[in-house]
Amino acid sequence: MSQATHSGRKPTPAIDKLLSRLRSRLVREVWIFGLGHTALALTLILLFAFLVDWTLHVPSGVRIVHLLMLILIPGFVLWRDLISRLRKLPDKSGLAVLVERAHPELKQVLVSAVELSNGDNIQDSEIDRELVDRVISEAEQLAPSLALRETSDPRRARTSFLLGTLGVLSAILTFGLQGDSTRIFFERIAGAGPSWPQRTYLVLEIPLAGELNSTRDELQLSVARGSDLPVVVRTEGRVPDEVTIHFDGGHEVLLGSAGRGVFRTLLRSVQEDISFHVTGGDDRDGTPNASIQVLQPPDVSTIVVQIVPPTYSGLPERLESDRDVSVLANSVVTVFMRPDPLEATGIARLLPRDEVHSLERRPFPRLGAEEEQAPEQVDGLSFELIAQESLRYRFELVDETGLSNPDPGLFGIEVQADRAPQIELLSPTRGEIESVVGGALPLKALASDDFALSRLTWRSVATSSDTEPHLEFELQETEPINPEELSGRQGDRDLIFASRRIDVDELFGTQPPTEGEVFQIDVSAADNREPSHQETRSAPVRLRIVSADEFLRRTQDHLSRVRGKVDALATLMREKQNYTRDLIASLESDEPDRADSSGINTALSGARRVEGDARALSREVASIAEALLYSRIDSRADLMLTKLERRSLKYADRSFHAEPWLELRALQLDGRLGQADFADKLVEIVGVALEISEIDAVEAINGLRRAQDLNDISAQYESLLSVSERQTKAQANVEQLLALLSEWDSYQSLLAATRDLLSRQKNLLERTRQFYKDN
């Protein structure tokens, strides 16, 4: 069967007009987009090149790179965003597809009409001509009504054009405002190579006193070795962010701005010649160049201090070569200094009061064997002062060239104040004591001073009456004492130990002694400081005068309390003795073994406790006996008081010493103290108490220590037996002590009853006499 071929193109004027409009729209948007991007790239690169060259003054090689960038980068953008896009615009079918995308309701009618309108190769057997005409006619009818707004997005093109326009306007505004800078920039980028005008000028300053030679290109300065070199750079014109110091050795230092166009730094302790210049901003010519010559400054070679202490101190005049000296207050201090070079002069500055002393040239004192062998006298510089407070000083020297010592050293004078006297009241040991009319009290004091004591006095002040406001008497030294013999007294050059028995009656002065009076007693010491003495007073002691009956009642109360302590001591001693006997029993067993060391340690700890309690008891009993002896209620005990007082004088401290009481007890046993009314019973009580604490307890401790060190069982057994025997002896002494206290209690009760009976008889007699007198 034969096939007929239909040829010829169906005219579609409406479709062609629509597609032509769309093509024109696309071409316009491409041109706007491409030219906008190209203009933006061109202006950005141009402004970048201008900014770089204007701020950094780039060399010609960099400017060539900038020129190539101005040509290549905008050309690339023009090709990519304009020429290439124009060549890629779609044909009629592609344009129809764009319209179909914007109008999906066409259902491919427009695309079909465009393709069928080119019907050169369409065969009648394959396609119905009526159908083709109907499709084309339908598309022709729809074409005039189709809108092209949705076929493309013009916003990108408009944005690109706007950015390009803004870039061009910015470039025009920038170059228009810069004027000469614009001309210079385009000439430089074109290869003409004019230089930019300098905007920053640096001025180098060294604000330091010294020999300074300054020219436009060179700054020369001489400084002392060790000086701190201040460097100040001032800017004129545009202020750079930082300034750099370039040293000849290649080292660099960056300076930060101190404000107002000033840059500064401090080169510390310059030790050698240096040379440097500064750069910053566009000032890079390296002028002026600073050359610093370091010279040896004047310095202190030798110091000798002459110290003349105050006359009253008795200290000798001396010379010292130490940098720091210690002197007594009000000493005359003369500081001699030998400068290097010898021709240097200057001042001495005292710190912290910032006082200036001029330096006088005097012969330098000779010090030591080498100085004595010096062939000739050398002069030095000196100043003099009276040392009243600690200070430091330094020498500010200047040589013949005007060079000064940059960092003068500090020297010290430590002033030691004349310490006030120290006084310690050794007896009475308590702050409040009691005595009776006709009694006495021991007054012992230890006074010390770092130089010398001028007087030592004691004072009595009546606090409960206005008859005698106060009495004051000198205290005489009892026996010279070496300060080194007493701990803590090594710094004292004068030490006085004084004692005196004070009669209570003399405290009343010219007034008759009365009971109930209260006195305040203290001791004062004065040194020999000039022009005014320093005086120190001890803590006061309050003395209350009571009746003999009241004093004896208080003594009885004290001894009653002592008896309770003796009972407690007896119980403790029995416990410790039982423990010792247990240790002995362990050694007497069928299988004896060496006593356990922990057991002996326990026994030793118990023995030490017994010793401590026994000594506290002895000290308390001795204090009661001493008070009774000094009360002189027992008129036949004066010999005991004298012996005790004489033997106590050799002890210059507040501690309790058993030796005087042991010696007094020995004299009593020998019958060398006579027969007292009742004081001898207290001495006997003290003697028994001391035998327990100083003999029995000590021997028990020594025996336990020996047992602790022994390895032989039999020797250990013998040692523990001796300990047990000593403890038994101590128990017997405790029982004797209790018996003596009971006897004293009974005796005092009898005396109290007798005194009460006599008092009643006396009162009855007085009333009878009064009755006869009245009748």
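This is a predicted model: local features need pLDDT of at least 70, side-chain atom pairs count only at pLDDT 80 or more; totals for chains, interfaces and linings use all residues.
Okay, the overview. We've got 775 residues in the chain, and 42% of them are buried. On secondary structure, the count is 14 helices and 28 strands. If you take contacts between residues at least 6 apart in sequence, 72% of them link residues at least 24 apart. And for the surface, the accessible area comes to about 42000 Å², with carbon and sulfur atoms accounting for 50% of that.

Now, have a look at helix α2, residues 60–87, where Leu68 sits. Leu68 belongs to a nonpolar surface patch of about 550 Å², together with Ile64, Leu67, Ile71, Leu72 and Ile73. How exposed is Leu68 itself? Its relative accessible area is 45%, so we call Leu68 partly exposed.

On to the backbone, and the cis peptide bonds. Going from Thr287 to Pro288, the bond is cis, omega near -5°. Pro288 is in the loop between β8, 274–279, and β9, 289–295. There's also a cis bond from Asp340 to Pro341, with omega near 10°. That proline, Pro341, is in the loop that runs between β13, 331–340, and β14, 345–351.

Next, positive phi. Ser269 isn't a glycine, yet its phi is about 45°. You'll find Ser269 in the loop between β7, residues 262–267, and β8. At 35% relative accessible area, Ser269 is partly exposed. Then there's Asp354, another non-glycine residue with positive phi, near 55°. Asp354 is in the loop between β14 and β15, the latter being 355–358. With a relative accessible area of 45%, Asp354 counts as partly exposed too.

Key
Residues are numbered from 1 along each chain as its sequence is written. Side-chain values use heavy atoms; hydrogens and water are left out. Helices (H or I, at least four residues) and strands (E, at least two) are DSSP runs, numbered from the N terminus. Buried means under 20% relative accessible area, exposed over 50%, partly exposed in between (1.4 Å probe, protein chains only). Contact means heavy atoms within 4.5 Å. Accessible areas come from the Shrake-Rupley method with a 1.4 Å probe; for residues, only the protein chains shown count as cover. Patches are made of residues with over 30% relative accessible area and no salt bridge: like charges are joined within 9 Å, nonpolar side chains (Val, Leu, Ile, Met, Phe, Trp, Tyr) within 5 Å. A salt bridge is a side-chain nitrogen of Lys or Arg within 4 Å of a carboxyl oxygen of Asp or Glu.
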